[in-house]
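Here's a quick tour of a single model. Have the viewer open as you read.

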Amino acid sequence: MDAVLRAAAVYTLLLVLFKIAGRRTLADISNFDLLLLLIIGEATQQALLGDDFSLTKAILVIVTLIVIDVGLSFLKLRFARLDTLIEGTSTLIVEDGRPLRKRLREARLREEDILLVARQTQGLERMAQIKYAILEKNGKISIIPYPSG
């Protein structure tokens, strides 16, 4: 039972920490982010298993984490407010070619981040070519250009 409680506590802690860290944290993983995730993984493993490295306890922890994840996904489907609390909502960050600076600050984004995505996905060069840019729930940026013509 100790392993189940540990797994639930660690899962909840990581969920809260990544929510606080923001949507963009895992959207584009840099070398630093990968290193941080590896360290978190090692620390998590120690917190989950404690001094008992038996196969049985490892399986119990894995099953517990999967059950929590699947259960949470069902709860998010049933309760829209819970989904919004955990996943957030999409956020408009550029409107009619104008960056919404307060929202960019809240998302810890720069105009250069938006222009990078605009160049890569739409071939756009200037902010004025962007009708809307939206920070999606998954941390990706969607660009909607002005219609050409």
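This is a predicted model: local features need pLDDT of at least 70, side-chain atom pairs count only at pLDDT 80 or more; totals for chains, interfaces and linings use all residues.

## Ground rules

When a residue is called buried here, its relative accessible area is under 20%; exposed is over 50%, and partly exposed is in between (1.4 Å probe, protein chains only).

Residues are numbered from 1 along each chain as its sequence is written, and side-chain values use heavy atoms, with hydrogens and water left out.

Most residues other than glycine have a negative phi. Arg108 sits in the loop between α6 and α7; helices here are DSSP runs of H or I with at least four residues, strands are runs of E with at least two, and both are numbered from the N terminus.

Asp96 also has a positive phi, of about 50°, and is not a glycine. Look for Asp96 in the loop between β1 and β2 (98-99). At 37% relative accessibility, Asp96 counts as partly exposed.

## Salt bridges

How many salt bridges does the structure hold? There are seven, taking a salt bridge as a side-chain nitrogen of Lys or Arg within 4 Å of a carboxyl oxygen of Asp or Glu. One of them joins Lys137 to Asp83, with the closest N and O atoms 3.0 Å apart. That pair links distant parts of the chain, 54 residues apart: Lys137 is in the loop between β3 (130-135) and β4 (141-145), and Asp83 is in helix α5 (residues 80-87). Lys137 is partly exposed, at 33% relative accessible area.

Glu111 and Arg101 make another bridge, their closest N and O atoms 2.3 Å apart. Here helix α7 (residues 111-122) supplies Glu111 and helix α6 (residues 101-107) supplies Arg101, ten residues apart. Both ends are partly exposed, Glu111 at 26% and Arg101 at 48%. Next along, Glu112 pairs with Arg110 at 3.9 Å between the closest N and O atoms, and Arg110, Glu112 and Asp113 are linked in a network of salt bridges.

## How α4 meets α5

Helix α4 (residues 55-78) packs on α5 at an angle of about 120°, with the axes 5 Å apart. The axes are lines fitted to C-alpha atoms over the stretch in contact, and angles run from 0 to 180 degrees between N-to-C directions. That makes α4 oblique to α5, since under 35 degrees counts as roughly parallel, over 145 as roughly antiparallel, 65 to 115 as roughly perpendicular and the rest as oblique.

On the α4 side, Leu72, Leu75, Lys76 and Arg78 meet Ala80, Leu82, Asp83, Ile86 and Glu87 of α5, contact meaning heavy atoms within 4.5 Å. The residues of this contact divide into five nonpolar, no polar and four charged. For that tally, Ala, Val, Leu, Ile, Met, Phe, Trp, Tyr, Cys and Pro count as nonpolar, Asp, Glu, Lys and Arg as charged, and the others, Gly among them, as polar.

## Nonpolar cores

A nonpolar core is a set of buried Ala, Val, Leu, Ile, Met, Phe, Trp, Tyr and Cys residues joined through side-chain atoms within 4.5 Å. The largest has 16 residues, of which Ile93, Leu109, Ile114, Ile130, Ala133, Ile141 and Ile143 touch the most other members. The largest share of this core, four residues, comes from α7. Apart from it lies another core of six residues, including Ala3, Val10, Leu48 and Val61.
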